[in-house]
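Biologist: Can you put the model up? I'd like to go through it with you.

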Amino acid sequence: MTATSAAPPRQLAALNPIQQLKAGHLPRRLVQLYVGLVLYGASMGLMVQGNLGLDPWDVLHSGIIKHIPLSFGTVVILMSFVVLLAWIPLRQWPGLGTVSNAIVIGLATDLTLSTVDRPDALWLRIVFMLCGVFVNALAGALYIGAQFGPGPRDGLMTGLVRRTGLSIRLVRTTIEIAVVAIGFLLGGVIGFGTVIYALSIGPLLHFLLPLFTVRLKTEPTE
């Protein structure tokens, strides 16, 4: 393909749940969605077992549970609904991916934690942490790129990207740093892995997301 006939960059489409299902390439997108969600849960399990720091949102969750008598999982669910409220002014549509996010990721995380032991060697824990960060970015690119609606927190990111015109790298990194700062002030668990995640997830997702964004049959412009 010559440069003059190259296709334009793939964009995330603003679709409602029905449009998401009718946008074509359904088998490939469903596989990509659920592979991404399973890998996302596995990446979280790796970071937990690496025990070198939680990702920024989990730093926030761990800080919140120190101040209110709720379980970690309950706080995660409640925060998901709080974040979804921010979708309203961004006109961000939930979808199959949004609902699946809460279910599949949790199951995959529990499966990883039950089958992968926490290593004693520091170098192996570092490997777990680094693999967790990279797989997390890859998984996010897969399931967001399937265009079934992102999870609550990633939907906040993509909504801000669409509305502000800023890069994914800048928006994601800004959100992660802000969340980890609030979590730290609340007494959340923080470590070396938290810093690596916050600084690298934005650039990694910025690079990977265009590679896995499925070109839909109809991508309406706003």
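**Working through the model**

Modeller: Start with glycine 95, which counts as buried at 9% relative accessibility. Keep in mind that this is a predicted model.

Biologist: Where does glycine 95 lie?

Modeller: In the loop between helix H5 (87-90) and helix H6 (96-115). The C-alpha atoms of glycine 95 and glutamine 19 are separated by 9.6 Å. Along the chain these two residues are 76 residues apart.

Biologist: Step back a bit. How many helices and strands are there in the protein?

Modeller: There are 10 helices and zero strands. From the N terminus on, the order is α-α-α-α-α-α-α-α-α-α. The radius of gyration is 17 Å, close to the 17 Å from the globule rule for 222 residues, so the protein is as compact as a globular protein of that length.

Biologist: And what does the C-alpha trace span along its principal axes?

Modeller: About 55 × 35 × 30 Å. Buried residues account for 45% of the 222 residues.

Biologist: Aromatics next. How many aromatic pairs does a search of the whole structure find?

Modeller: One. The partners are tyrosine 40 and tyrosine 143, with ring centres 5.8 Å apart and planes at 75°, so the pair is edge-to-face.

Biologist: Why edge-to-face?

Modeller: Because the planes are at 75°, and an angle over 60 degrees counts as edge-to-face.

Biologist: Which helices do tyrosine 40 and tyrosine 143 lie in?

Modeller: Tyrosine 40 is in helix H2 (residues 26-50) and tyrosine 143 is in helix H7 (residues 122-145), so the pair ties together parts 103 residues apart in sequence.

Biologist: Are those two tyrosines buried or exposed?

Modeller: Both tyrosine 40 and tyrosine 143 are buried.

Biologist: What about charges over rings? Which ring does the charged end of arginine 29 sit over?

Modeller: The ring of phenylalanine 148, at 4.1 Å from its centre. Arginine 153 has its charged end over the ring of tryptophan 57, 5.3 Å from the centre.

Biologist: Now the surface. Which residues make the nonpolar surface patch?

Modeller: Leu21, Leu26, Tyr34 and Leu96 make a patch of about 300 Å². Tyrosine 34 is found in helix H2. Its relative accessible area is 31%, so tyrosine 34 is partly exposed.

Biologist: Where is the place of histidine 25?

Modeller: In the loop between helix H1 (17-21) and H2. With 41% relative accessibility, histidine 25 counts as partly exposed.

Biologist: What about phi of glutamine 147?

Modeller: Near 60°, again positive in a residue other than glycine. Glutamine 147 is placed in the loop between H7 and helix H8 (152-164).

Biologist: Is glutamine 147 buried or exposed?

Modeller: Buried, because its relative accessible area is 5% and the cut-off for buried is under 20%.

Biologist: Last one. Where does isoleucine 68 lie?

Modeller: In the loop between helix H3 (56-64) and helix H4 (72-85). Isoleucine 68 is partly exposed, with a relative accessible area of 34%.

Biologist: And what separates its C-alpha atom from that of alanine 86?

Modeller: 22 Å, with isoleucine 68 and alanine 86 lying 18 residues apart along the chain.

Conventions. Residues are numbered from 1 along each chain as its sequence is written. This is a predicted model: local features need pLDDT of at least 70, side-chain atom pairs count only at pLDDT 80 or more; totals for chains, interfaces and linings use all residues. Side-chain values use heavy atoms; hydrogens and water are left out. Rings of Phe, Tyr and Trp (its six-membered ring) pair if their centres lie within 6.5 Å; planes under 30 degrees apart count as stacked, over 60 as edge-to-face and the rest as tilted. Helices (H or I, at least four residues) and strands (E, at least two) are DSSP runs, numbered from the N terminus. Buried means under 20% relative accessible area, exposed over 50%, partly exposed in between (1.4 Å probe, protein chains only). A charge sits over a ring if NZ of Lys or CZ of Arg is within 6 Å of the ring centre and within 35 degrees of the ring normal. Patches are made of residues with over 30% relative accessible area and no salt bridge: like charges are joined within 9 Å, nonpolar side chains (Val, Leu, Ile, Met, Phe, Trp, Tyr) within 5 Å. Accessible areas come from the Shrake-Rupley method with a 1.4 Å probe; for residues, only the protein chains shown count as cover. A salt bridge is a side-chain nitrogen of Lys or Arg within 4 Å of a carboxyl oxygen of Asp or Glu. The radius of gyration is taken over C-alpha atoms; the globule rule is 2.2 Å times the number of residues to the power 0.38.
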